Amino acid sequence: MGMSRIECIFFSEFHPTLGPKITYQVPEEYISRELFDTVQNKLITVYVHLDNYIISLLMDQTAMEKKLIGCPVCIEHKKYSRNALLFNLGLVCDARTKTCALELIVKKLSGYLTTLELESGFISNEESKQKLLPIMSTLLEELNATGACTLPIDESNTINLKLIEQRRDPLIVQEYDVPVFTQCKDHFIKSQWDLTTQQILAYIDGFRHIQKISAEADVELNLVRIAVQNLLYYGVVTLVSIFQYSNVYCTTPKVQSLIDDRSIQAECLSYVTKQGQKRACLRDVFQLYCGLTPGTTVRDLCSRYSQQVQRVDERRLIQYGLMKALIRRLQKYPVKVTRDERSRPPRLYTGCHSYDEICCKTGMSYKELDERLENDPNIIVCWK
Amino acid sequence: MYIHSSSFDLQGERKSMYKQSENSFFKCGEKTSPISVILVTSGSRGNKLLFRYPFQRVADCTSSLTTKQRSPYALNTTGDVLEDPDGDSREQTPLTDEQLVAGFSDIILATILATKSDMCGKKFELKIDNVRFVGHPTLLQHPHTIQVSKTDPSPKREMPTMILFSVVFALRANADPSVISCMHNLSRRIAIALQHEERRCQYLTREAKLMLAMQDEVTNMTETDGSPQSPFRQILPKCKLARDLKEAYDRFVKTPYKIMYLWIVSLFLQCRCNNRVCCVSSLCTTGVVRLHINNWLEVSFCLPHKIHRVGGNHVPPEALERSLKAIRPYHALLLLDSEKALLAQLPLDCSPALVRLIKTCSAVKNLQQLAQDADLNLLQIFQIAAHLVYWGKAIIVYPLCENNVYMLSPHANISLYSPLAEGFGQQFPSHDLPSMLAKFSLPLSLSEFRNPLDASVQEAQLIQMVVWMLQRRLLIQLHTYVCLLVPPSEEEPGLLRDEELPLVARVGGRSLSTPSALSFGSPTSSDDMTLTSPSMDNSSAELLPGGDSPLNRRMTETLLASLTEHERQVILNIPAAQSPEDLRMFARLLHYFRGHHHLEEIMYNENMRRSQLKTLFDKFRSVLVVTNHEDPVISLFQSPLG
């Protein structure tokens, strides 16, 4: 996990006589005296002003192109020489690093240290405090190397840390969406997932849509949607649209990546080649993609480029194109333009609902819907 | 969406654009808007918080710190959607913006936000739990000579000196990095203006004194009657400024926070604002701020991510910048407002070149023509165009011409009941938007669009309709790209060996004039502004018209040398290659055939006609693959897909 490299771990405290100071740091001499002076009131002394409430603050300070993340702790007790123990275990990383994952680590660490101090006076005891240095080196090493760290401190306390990757919010999964695995399904370790996911797993083949999966796997529709959304969040699946031979697609500027990017090229060619056939050639595949123009259905494409399609599985061709956004689907949106005041406003034919959605909602087939709409002079169909 | 109701309808049309994405607006508004604005200073009397808005609730003051004590293992559930893997914690009500900053007392804020002087002049960013503070601490050079005025009887040492100050915005911690840098930029601009005003007439010192005096008064009062009160609240009945703030708050209490706070800043900084309502409403709709600090210095600012929106998606500022750098002279500037409206919005002291450009600008003129007509140099045109685009007053398109092919943008709102459709109906009576959009379901060239209705009066109207739809980003333009792909030979089908393909790499590595290397349209830097013709290097072939001279033949051979043996063989076997002229033209254009240059660009760079190119493509169609899609450079303005 190279995404959030920790450059330094430091332990600073408010010394009863010397004031704020950095007691330990790994690697040594990483934080200079000057840098520390500039930021010390942010990292150390803040909680003095908070009237000695125990408070955990997370902060990162863009100074000297580094981010400092700390979580100051203040433990109040008569036994301490200033009636309080003030310390802070913090991290330094590059200013451009996304720190969300690291912040959680810092916060958890400060919790561990607080517990250790309350239970055994780990930090106030000079002898046990020395143990911090090897602990910090191990943390730095293991977190940078593996993104996780398990470190027993004493018989009752073990530090468990893991960097959790930040991901984007997944899209909302609609009943007409088709989930498709981004990687080979064989790599998927079934037992790691929940029961619902395990049950629908077999039905995720890149062609069945959510509603169909729900019906065939006998799982409630919303449960399927949530399970798929979860898979989407972890990047295990991505969503494409329902495949039909009457569908129309068009190329996006990204189709160019097929020419420019050799890894996509190789991946694409092996993905779209029919099983048991010799690998399709780039020219054919690129021609097929470019043959997808508005007004050309997949059926048209197959008959127009019958020679090129010989070694290519057109369904997987479309699937791959959609997954990598080399192409996009042109959906039909019926709009009912009526000048008649008496008729009630259209519910589905407002231009907000695509054919896919209407068919899924009403249970009509594409053809039935087409026939019904063709007979209505007030209906306009937009493709977009 | 309160901002769209009643009193802010100054920009009716624009408003209608934004209505289509109300939900996403609000969702986004939460993340992009500052939740508080704070003015802190540091000086001989220590760190002071001069002003913060919104005021703290009294209850919050006392309870917030105790509520802060919670399990160190507790996840931050406050609106940090990033940390919420599967939406389980969504039910918990996230803290409101107000609650987020209320936990910090004035003293704490003063301590943590007022920096040491060696951090001045740099970006200041501090994140505490879920709040991110962004500011630009600024040093005040205090020339003591100014303070010792002969008429001033007060002894100098009693004057408290202000060493530095900072206008800090509090944002939600998960705000987008580009938003953070925008807010930093605003803070910096205000700081520069304040610094200047301080130097000129000690404006800040004066204002600070007034505020501190008020605060002291309130503190004394609190001590006597014993009830803890927010000083800013107590200031209310005594201070005209505070009443202004309260009035503003009561009146706009339901507007999105961002507008409120910026509005407050403007009130606070200028005390008297001549066109308040106008200022606020334009902010609502456009995300643009224009303040006059001390009624003197103008601070203008815009949040590009608020202005540029396509189908509910905000265009990130850095993507905008990337696109602006890629503008070429054959592009055109499409103003999003009428000329009159735009001119009226300009500040009094704006550059005359800007006015001239706006007056001569047209959607059918490319930037080069525009430069000629406005009598400005191309670099200047680029800069002004980039400026207008950044401020959301214009977008970049390919100039309108007969052969332009348009189709519906995937983000186009074709809803029957949209305000867009209404606006269209008002602008073009007797036409309705859905049926007009339906015409562009299939790609349609302007000449085809025009054909069915022949009268020339209507033709002008049809062009206006297309312009109208382009301004509202309902259409995308398709361009033709060409890629050289030779059918594989029989022995080695399919698999591409390493030395084969990518043509890009091989051709690009040569000294051939690669058009992409000529950063023609970079409006931001003047040094790489090469105005030489991109065809300079190889146009010598053209200098010898016709004739199958040995020189020509050698030239062709050299150009084809970048290809593999197999590719060369296949090309030379094409019937058209037997004509030396065709082959020479093909060879000359070879470097355009890798899908990075659309037809119009080749035409522009090589000074060729469309028909010439089309014929050539046709002759060599067995080795070329033609594709149509939008121009990625300007598609940002039409359909930001990826």
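Modeller: Start with a record. UniProt, in an unreviewed entry, lists residues 564-625 of chain B as "domain: GATOR1 complex protein NPRL3 C-terminal HTH"; such annotations may be inferred rather than shown by experiment. In this predicted model, local features need pLDDT of at least 70, and side-chain atom pairs count only at pLDDT 80 or more. Residues are numbered from 1 along each chain as its sequence is written.

Biologist: What is the make-up of residues 564-625 of chain B?

Modeller: The span is 60% helix and 11% strand, and its end C-alpha atoms lie 18 Å apart. Helices are DSSP runs (H or I, at least four residues), as are strands (E, at least two).

Biologist: Which residues of helix α29 of chain B are buried?

Modeller: Buried means under 20% relative accessible area, with a 1.4 Å probe and protein chains only. In α29(B), residues 610-619, they are B:Arg610, B:Leu613, B:Leu616 and B:Phe617. An α-helix has 3.6 residues a turn, so residues three or four places apart point the same way. Down the axis of α29(B), the buried residues fall within an arc of 130° (directions from the axis to the C-beta atoms), so they line one face of the helix.

Biologist: What covers the buried residues of α29(B)?

Modeller: Contact means heavy atoms within 4.5 Å. The cover includes β15 (475-484), α27 (580-589), α28 (599-606) and β17 (624-629) of chain B.

Biologist: Is A:Glu7 buried or exposed?

Modeller: A:Glu7 counts as buried, at 16% relative accessibility. A:Glu7 lies in the segment before β1 (8-15) of chain A. Its contacts include A:Tyr30, A:Lys66 and A:Asp94.

Technical notes
Chains lettered and ligands numbered in written order. Heavy atoms only, no water. Buried < 20%, exposed > 50% of the residue type's maximum accessible area, 1.4 Å probe, protein only.
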